[in-house]
Amino acid sequence: MDKYFVHESSYVDDNVEIGEGTKIWHFCHIQRGARLGRNCSLGQNVNIGNNVKIGDGVRIQNNVSVYEGVEIEDNVFCGPSCVFTNVVTPRAHFPVHGIYAKTLIKEGASLGANSTVVCGHTVGRSALIAAGAVVTKDVKDFALMAGVPARQIGWVCECGRRLDDTLQCECGRCYQLNNNILEIKKQ
């Protein structure tokens, strides 16, 4: 029995690592040097670029390309048709020859459908990027971002619910602000 599933319509290049329990669905391409963690799910028409590192438990919905220079940590959700870039000033006449701006999506973050993360930025742990938002700067842990360009409009719990002014979630988690950085309150 295979440790992972790859649909027959998908392509997996040489020198690729795929973790146990991962499922790669229709029309995907996993390029040379990519590393996918355990228990990931890649929807239809997903492209994983050369040397991309993806953590455990990542969900990448249909029509997403994760280009070289992007790293995705554990338990990240990438909504349908979300976009990553890897070159700040792309020009057809002046190729960058493998020099890409680094982008990091930290553990537990969620990127809504059709959102865009401009390269060279970090999306913080458990942050939530609204559908259609365009991230043009670093995003704090637990930040709720929306708009074009994306602006912080609030905070979210690790479970994904929006926090009110008390910074206490229905799920029981409590947070505190320390120099405008949201932290889980120590009990």
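**A friendly note on salt bridges, cysteines and a hairpin**

1. Let us start with a charged pair: glutamate 71 and lysine 53 form a salt bridge, with their closest N and O atoms 4.0 Å apart. The two partners link distant parts of the chain, since glutamate 71 sits in strand S12 (residues 70-72) and lysine 53 in strand S9 (residues 53-54), 18 residues apart. Glutamate 71 is partly exposed at 30% relative accessibility, and lysine 53 is also partly exposed, at 36%. Please keep in mind that this is a predicted model.

2. How many salt bridges are there by this rule? The count comes to five. As background, side chains of opposite charge can pair when their charged atoms come close.

3. Another of these pairs is arginine 173 with glutamate 158, whose side chains meet at 3.2 Å, N to O.

4. Arginine 161 pairs with glutamate 170 in a salt bridge, the closest N and O atoms being 3.5 Å apart. Here arginine 161 is partly exposed, at 38%, whereas glutamate 170 is exposed, at 72%. Elsewhere, salt bridges with shared partners join Arg125, Glu158 and Arg173 into one network.

5. Now to the cysteines. A search of the whole structure finds zero disulfides. Both cysteine 119, with a relative accessible area of 4%, and cysteine 169, with 10%, are buried.

6. Next, is threonine 116 buried or exposed? Threonine 116 counts as buried, at 17% relative accessibility. This residue belongs to strand S17 (residues 116-117). Beyond its neighbours within four places in sequence, threonine 116 is in contact with Val83, Ala133, Val134 and Val135.

7. Finally, a hairpin to find in the model. Strands S21 (residues 143-146) and S22 (residues 151-155) run antiparallel and are joined by four bridges. Leucine 144 stands opposite glycine 154 in S22. Four residues lie between the two strands of this hairpin, and glycine 147 takes a positive phi near 100°.

Methods
Residues are numbered from 1 along each chain as its sequence is written. This is a predicted model: local features need pLDDT of at least 70, side-chain atom pairs count only at pLDDT 80 or more; totals for chains, interfaces and linings use all residues. Side-chain values use heavy atoms; hydrogens and water are left out. A disulfide is a pair of cysteine sulfur atoms within 2.5 Å. Buried means under 20% relative accessible area, exposed over 50%, partly exposed in between (1.4 Å probe, protein chains only). Contact means heavy atoms within 4.5 Å. Two strands pair if DSSP finds at least two bridges between them.
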